[in-house]
Structure formats: structure tokens, C-alpha cells
Amino acid sequence: MAVNWDLLKAQYLKGNRASQLGSLALNLMRLHVLVRQGSEDAIAQHLVRESQFFVEWTVPTINLDTEMSSATELLELQRSLSRWKLNWAELWANESEREQV
């Protein structure tokens, strides 16, 4: 799945915070459905990677003086996404492991 990440980033950053977080939430919802079904492994992996980028692009725009809790939640999500990506083969092969996603 070839993606122009620079173009996606430019489009993503044009949106306001609500639309950015909406895109991230939609990705996570899609990922949840695919993981529960155990289908479309490649698409699920792509959604993990794209979501990582969304978090990476959003966090620097957060005002840490007023939105520290949002930044913290996004960083926790980023760590989870990274763990999933790192252990994807084992996670995808085991239904009980997938349910933890």
C-alpha cells in the first residue's frame, strides 16, 4: 500500500484539532473492527502506522501548559500502537492476543 505520507501530513495538518482527532478515532474504530474479525491484516497494519503518524503530527501542536492531559493520552496511545506494531505477527496469529488490541 503506497502512501504519500507528505501529502497526507499536509492534508491532516490543514484540519482543526477536532477533525484531526476525528481522523485518529476513525482509524482506531476501523482497526478495532478488523482486529475483532481477524481479517484484512495488511489494512490493519496500515491503520496502526497511519495512526502513529496522526499522533506524531498532533502532539507538537498541543499547548502543554493547558492541554497536558491530552498530550499524555496521545503519548500513551502512541506507546500502545508501537507495541502492537512491534509484536504484530504474534498478536495477529493469536485471537486472544488480538482481543487485547
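The largest nonpolar core has 23 residues, and L31, V55, W84 and W88 touch the most other members. A nonpolar core here is a set of buried Ala, Val, Leu, Ile, Met, Phe, Trp, Tyr and Cys residues joined through side-chain atoms within 4.5 Å. At least two residues come from each of α2, α3, α4 and α5, with α3 giving the most, seven residues. The helix labels follow DSSP runs (H or I, at least four residues), numbered from the N terminus. In soluble globular proteins, nonpolar side chains tend to be buried together.

Before going further, keep in mind that this is a predicted model, where local features need pLDDT of at least 70, side-chain atom pairs count only at pLDDT 80 or more, and totals for chains, interfaces and linings use all residues. Residues are numbered from 1 along each chain as its sequence is written, and side-chain values use heavy atoms, with hydrogens and water left out.

Let's start with α3, which runs over residues 41-58. Its 18 residues reach 26 Å from the first C-alpha to the last, close to the expected 26 Å (1.5 Å times one less than the number of residues). The buried residues of α3 are A44, H46, L47, V48, E50, S51, Q52, F53, F54, V55, W57 and T58, where buried means under 20% relative accessible area, exposed over 50% and partly exposed in between, with a 1.4 Å probe and protein chains only. They pack against α1 (5-14), α2 (17-37), α4 (68-86) and α5 (88-93).

N27 counts as buried because its relative accessibility is 2%. Setting aside neighbours within four places in sequence, N27 is in contact with L47, E50, S51 and F54 (contact means heavy atoms within 4.5 Å).

Now for α4. This helix has 19 residues and spans 27 Å between its end C-alpha atoms, close to the 27 Å expected. A71, L74, L77, Q78, S80, L81 and W84 are its buried residues, and their cover includes α2, α3 and α5. W84 also contacts L31, L91 and V101, again leaving aside neighbours within four places in sequence.

How do α2 and α4 meet, and at what angle do they cross? Their axes come within 14 Å and cross at roughly 35°; axes are lines fitted to C-alpha atoms, for helices over the stretch in contact, with angles from 0 to 180 degrees between N-to-C directions. The crossing is left-handed, which means that the near helix is turned anticlockwise from the far one by less than a right angle. On the α2 side the contact is made by L21, L24, L28 and L31, and on the α4 side by L74, L77, L81 and W84. An α-helix has 3.6 residues a turn, so residues three or four places apart point the same way.

Further along α2 you reach R36, which is partly exposed because its relative accessible area is 40%. R36 touches R98, E99, Q100 and V101, not counting residues up to four places away in sequence. The C-alpha atoms of R36 and S96 are 9.9 Å apart, although 60 residues separate them along the chain.

Finally, the loop between α2 and α3 holds E40. Phi of E40 is near 60°, a positive value in a residue other than glycine. With a relative accessible area of 48%, E40 is partly exposed.
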